[in-house]
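Keep the picture in view as you read.

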Amino acid sequence: MLKPHPTVLRRLVEEYETLTAAPATAPESRIADVAYTLCVSTGTRDVGMALATARDWLTPDGRDTAAAAPAAV
């Protein structure tokens with residue numbers, strides 16, 4: 001599985017959190033679309049696990065953790 005670009009992944013997480021923070025104003029179909037995309041992007045079937053995986057893949061500033069890790073000697 002290919003990991004999505006960190007920018008795309010960060011936007012998905014932010015959009016999902018924004019939509020679920022005010023579910024009364026967000027269309028259910030949009031929440032479902034973003035949740036589905038998160039699940040597919042992270043290779044999981046559970047939205048909670050998808051969010052956890054996405055956050056694990058991103059550093060606090062949104063960069064890919066693999067790029068932030070020091071190279072092995």
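In this predicted model, Glu15 pairs up with Arg30 in a salt bridge, and their closest N and O atoms sit 2.7 Å apart. This pair links distant parts of the chain: Glu15 belongs to helix 1 (residues 6–21) and Arg30 to helix 2 (residues 28–42), 15 residues apart. As a bit of background, side chains of opposite charge can pair when their charged atoms come close.

How many salt bridges does the structure hold? There are 2. The other partners to look at are Arg55 and Glu17, whose salt bridge has its closest N and O atoms 2.2 Å apart. Arg55 is in helix 3 and Glu17 in helix 1, so this pair ties together parts 38 residues apart in sequence.

| Residue | Relative accessibility | Class |
|---|---|---|
| Glu15 | 28% | partly exposed |
| Arg30 | 34% | partly exposed |
| Arg55 | 43% | partly exposed |
| Glu17 | 34% | partly exposed |

Now for helix 3 itself, which covers residues 47–57. Which of its residues are buried? They are Ala50, Leu51, Thr53, Ala54 and Trp57. These residues are on the same side of helix 3, because they cover an arc of only 165° around the axis.

Finally, check the start of helix 3: a side-chain oxygen of Asp46 comes within 3.3 Å of the backbone nitrogen of Gly48.

How values were computed:
Residues numbered from 1 in each chain as written. Predicted model: local features only at pLDDT ≥ 70, side-chain atom pairs only at ≥ 80, totals over all residues. Heavy atoms only, no water. Buried < 20%, exposed > 50% of the residue type's maximum accessible area, 1.4 Å probe, protein only. Helix = DSSP H or I, 4+ residues; strand = E, 2+ residues; numbered from the N terminus. Arc of directions from axis to C-beta. Polar contact = N/O pair within 3.5 Å; in protein donor to acceptor, adjacent residues only side chain to side chain. Salt bridge = Lys/Arg side-chain N within 4 Å of Asp/Glu carboxyl O.
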